[in-house]
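Please look through the following model with its secondary structure in view. The paragraphs below go from single elements to their packing and then to individual residues.

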Amino acid sequence: MDNSPALKKLEEMIMECSRLDREINCFVESVDEITAQVRHEPSEAMVNLRNSVKERFTELMAGVTDAELQRHSKVVSFKDSVRKYAMQAGQTAAENEEEELDEDIAVTQSQTNFICPLTQVEMVNPVKNKKCNHYYDREAVLEMIKARHRNKKKFRCPKVGCGNTDVQESDLELDLVMKRMIQNHKRQTGKT
Ligand SMILES: [Zn+2]
């Protein structure tokens with residue numbers, strides 16, 4: 001249960017309301033009782049009316065227990081609200097955690113990037129660039145390198161943010177573990 005100072009303060013206030021409500025009831029009860037008594041008594045009893053009410057009130061209030069105040073409808077509904085809110089907050093927190101977990105998995109999967117930066121689809125024969133550790137689909141990258149070299153140009157690593165400006169065919173090695181991972185991933189996501 002939430003034990004924040006604000007909540008504690010609120011609970012104290014509600015309990016105070018409950019006590020005041022009880023006091024009013026006790027006072028009304030005292031007055032009722034005493035006036036009923038006095039009606040059948042000689043007139044001198046009227047003189048002590050105020051004191052009698054006060055005494056009876058003190059007596060009644062002395063009998064009021066904390067447990068009784070806790071049972072006050074306002075206190076009960078307050079505690080119900082707090083409990084419901086705490087439960088909702090707990091549920092929301094749990095749901096958020098689950099969502100975050102899903103997001104984490106999604107991020108992990110996308111970080112283990114199976115998408116070729118050239119073809120924008122999942123690689124079939126992933127080759128790893130030994131210089132910058134980026135992956136490309138073998139056919140696509142070889143074709144690009146050849147095309148660039150034919151034009152006497154360097155082939156820059158197509159991975160966004162990579163500083164490798166000269167990718168050579170000799171930098172590339174087939175990564176069979178990666179290939180297996182992609183095949184497993186395809187099977188899991190139902191793509192063929
Ligand atoms: Zn790179």
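How far does α5, with its 13 residues, reach from its first C-alpha to its last? The distance is 18 Å, close to the 18 Å expected at 1.5 Å a residue, where the expected span of a helix is 1.5 Å times one less than its number of residues. The 13 residues of helix α6 (residues 176-188) should likewise span 18 Å at 1.5 Å a residue, and this agrees with the 18 Å between its end C-alpha atoms.

Before going further, note that this is a predicted model, in which local features need pLDDT of at least 70 and side-chain atom pairs count only at pLDDT 80 or more, whereas totals for chains, interfaces and linings use all residues. Residues are numbered from 1 along each chain as its sequence is written.

The chain has six helices and three strands, where helices (H or I, at least four residues) and strands (E, at least two) are DSSP runs, numbered from the N terminus. Read from the N terminus on, the elements follow the order α-α-α-α-β-β-α-β-α. Of the 192 residues, 9% count as buried; a residue is buried if 20 or more other C-beta atoms lie within 10 Å of its own, exposed if 12 or fewer, and partly exposed in between, with C-beta atoms placed from the backbone. Among contacts in the chain with a separation of 6 or more, 57% come from residues 24 or more positions apart, a contact being two residues whose C-beta atoms, placed from the backbone, lie within 7 Å.

Two packed helices are described by the angle between their axes and the distance between the axes. Helix α1 (residues 5-39) and helix α2 (residues 49-62) pack at an angle of about 135 degrees, with 8 Å between their axes; axes are lines fitted to C-alpha atoms, for helices over the stretch in contact, and angles run from 0 to 180 degrees between N-to-C directions. That angle makes α1 oblique to α2, since angles under 35 degrees count as roughly parallel, over 145 as roughly antiparallel, 65 to 115 as roughly perpendicular and the rest as oblique. The crossing of α1 and α2 is right-handed, a term used if the near helix is turned clockwise from the far one by less than a right angle, and left-handed if anticlockwise. Residues making the contact include Cys26, Phe27, Ser30 and Ile34 of α1 together with Leu49, Val53, Arg56 and Phe57 of α2. Phe27 counts as partly exposed because it has 16 C-beta neighbours inside 10 Å, and its C-alpha is 8.3 Å from that of Arg56, a residue 29 positions away in sequence.

The strands form an open sheet of three in the order β2-β1-β3, with antiparallel pairing. Its edge strands are β2 and β3, each of which pairs on one side only, and the twist averages 35 degrees from one strand to the next. Two strands pair if DSSP finds at least two bridges between them; here three bridges join strand β1 (residues 126-129) to strand β2 (residues 135-137), and three join β1 to strand β3 (residues 172-174). Val127 shows both pairings, standing opposite Tyr136 in β2 and opposite Leu174 in β3, while Lys128 stands opposite Tyr135 in β2. Helix α5 (residues 138-150) lies across β1, β2 and β3 and runs at about 90 degrees to β2.

β1 and β2 form a hairpin with five residues between them, and Asn133 in the turn has a phi near 65 degrees, a positive value in a residue other than glycine. Asn133 counts as exposed because it has 11 C-beta neighbours inside 10 Å. Just after α5, Lys152 takes a positive phi of about 60 degrees, although it is not a glycine, and its 6 C-beta neighbours inside 10 Å make it exposed. Val160 is in the loop between α5 and β3; it is exposed, with 7 other C-beta atoms within 10 Å, and its C-alpha is separated by 8.2 Å from that of Pro117, 43 residues apart along the chain. Just after α6, Gly190 has a positive phi of about 80 degrees.
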